[in-house]
Amino acid sequence: MSRDSENVRDAVRDTTGDTDSRPSANLPGPDPSPQSILARWGKWWGKKDSAAKADGAAKAEASAPPAVAARHLTRWRNLLRPCFQARLTDVAANRSALAWQEQYQAADAVHRRAMIEVLTEIANTPPAAPGPTPEGAALAKLLSEGRTRFFKRLNALPDGLRFLLGLRADLLHWRKALPGIAPLDADLQELLSHWFDVGMLELQRMTWDSPASLLEKLMIYEAVHEISSWTDLRNRLDSDRRCYAFFHPQIPNEPLIFVEVAFCAEMADSVQSILDESAPLEDLDKARWAIFYSISNTQAGLRGVSFGNFLLKRVIDELNRDLPKIKKFATLSPIPGFADWLKKLPAQRLTELAEKRRKSSDVQEDLGALTGPQVLTRLQQNDDADTQSLALKLAAHYLVHGNPGGQPVDPVARFHLGNGARIERLVWGADLSKKGKAQSCSMMVNYLYDLDELDANLSKLGYGKPEMSRAIARLL
């Protein structure tokens, strides 16, 4: 039986407001910019020029921010100082926080940047007090306590958590232009990691009958494999698939994470097969593998927030109840940072990798004479056995040793290994899309979730030793 390819649902209007106020981010991978979302939105509704306009406005705003009246700066300083210093129960300080929040929400981009500059100034200035100003670690602790007090005060306001997500997205946007943002952002990220722990989130299954507003958000925020049409969407929500969304109880109508699952008889090795709209329905009685092929974070403000360990374990538990015959769980994941890593790989390190297991092939014999970008180009333009062998070897080193002694440098690897998975298999030609070729030479990786080994794998990762299969170890 073939999938129904009939486009039975007309495009519907956005019911949640301006998409630019809800920027997108990929949990495991690099975050799409607000401009990229506008570009995708324009692709759907025929407004392709909106992205160019937004991009031009952002560049103009960054290059020469207009001056803001001094009286505004003074007013914002007066509102913020008590928010950092007074107790959380101080009524006047809470009113100041609410006033600052309301003014920030009403401000345009120019004034928001200025408000962030003032916020950064106050956040990094110790409060006036009798006696000498603390120094070193004591000063850092004092300032951190003030920043934490400010964010907790905002979180206690009506819709405060949603506001903080937007504020952090703005902090990330201006972080390079305003270096003083770094400690402010670090403290907010730490708080969000507690407030968005996976144990606090609610898991809901999405189907073709889910509200149109949620289906729209899935299309907009899908950050791993772009949804090309409503038919593509229906294929991903068909009876032999599962899609889940995580929600925070304080933001009930805003999905935070989408997880898409396919079912297979064997461990998947091609995303083209998973996304094939003409493929027959999978027989769930014969399927033994659940494959997580897309995990998308909808909130730029949650970039870097871990959600705690075992986020996917929540989905696995749900699958165990729904489909008890499914006993094996793995991903088919992109390797988004591989190309950039290879471009920056020092020539000496590249030579060392070539010398480790030199063969008689031309590709490996002259590797030491090439730069990282040249090797990347070769991997992207060739498909012979020697090229495949070299690509898989380099990818294995990137995933395992890309950041020696620390957490994996690849964001997707960091997410899955941080959830207790192990690096199981590298697959050549698993993603033949333009994006897949550009970021990882069309390679993908299977991360295996062995439910009995999750804790042990996490323990090893804590010592800088990510768990891997024998097949991966042989590539090193």
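Is Arg242 buried or exposed, and at what relative accessibility? At 5% relative accessibility, Arg242 counts as buried (buried, under 20% relative accessible area; exposed, over 50%; partly exposed, in between; 1.4 Å probe, protein chains only).

The model is predicted: local features need pLDDT of at least 70, side-chain atom pairs count only at pLDDT 80 or more, and totals for chains, interfaces and linings use all residues. Residues are numbered from 1 along each chain as its sequence is written, and side-chain values use heavy atoms, with hydrogens and water left out.

The protein chain has 21 helices and seven strands (DSSP runs numbered from the N terminus; helices are H or I of at least four residues, strands E of at least two). Of its 476 residues, 49% are buried.

The seven strands of an open sheet follow the order β1-β2-β3-β4-β5-β7-β6, with mixed pairing (two strands pair if DSSP finds at least two bridges between them). β1 (202-206) and β6 (422-427) stand at the edges with a single partner strand each, so one side of each lacks a neighbour in the sheet. Strands β3 (residues 257-264) and β4 (residues 289-297) pair in the antiparallel sense over eight bridges. Ile257 has Asn297 of β4 as its bridge partner.

Helices lie against this sheet. Helix α9 (residues 212-221) lies across β1, β2 (241-247), β3 and β4, and runs at about 85° to β3. Helix α12 (residues 311-322) packs on the sheet, touching β1, β2, β3, β4, β5 (328-331) and β7 (444-449). The direction of α12 makes about 135° with that of β2. Contact means heavy atoms within 4.5 Å. Axes are lines fitted to C-alpha atoms, for helices over the stretch in contact, and angles run from 0 to 180 degrees between N-to-C directions.

A search of the whole structure finds 18 salt bridges (a side-chain nitrogen of Lys or Arg within 4 Å of a carboxyl oxygen of Asp or Glu). Asp322 forms one with Arg242, the closest N and O atoms being 2.7 Å apart. This pair links distant parts of the chain, with Asp322 in helix α12 and Arg242 in strand β2, 80 residues apart. Asp322 is partly exposed, with a relative accessible area of 33%. Arg77 and Glu121 also meet through their side chains in a salt bridge (2.9 Å, N to O). Arg77 sits in helix α3 (residues 70-85) and Glu121 in helix α5 (residues 109-123), 44 residues apart.
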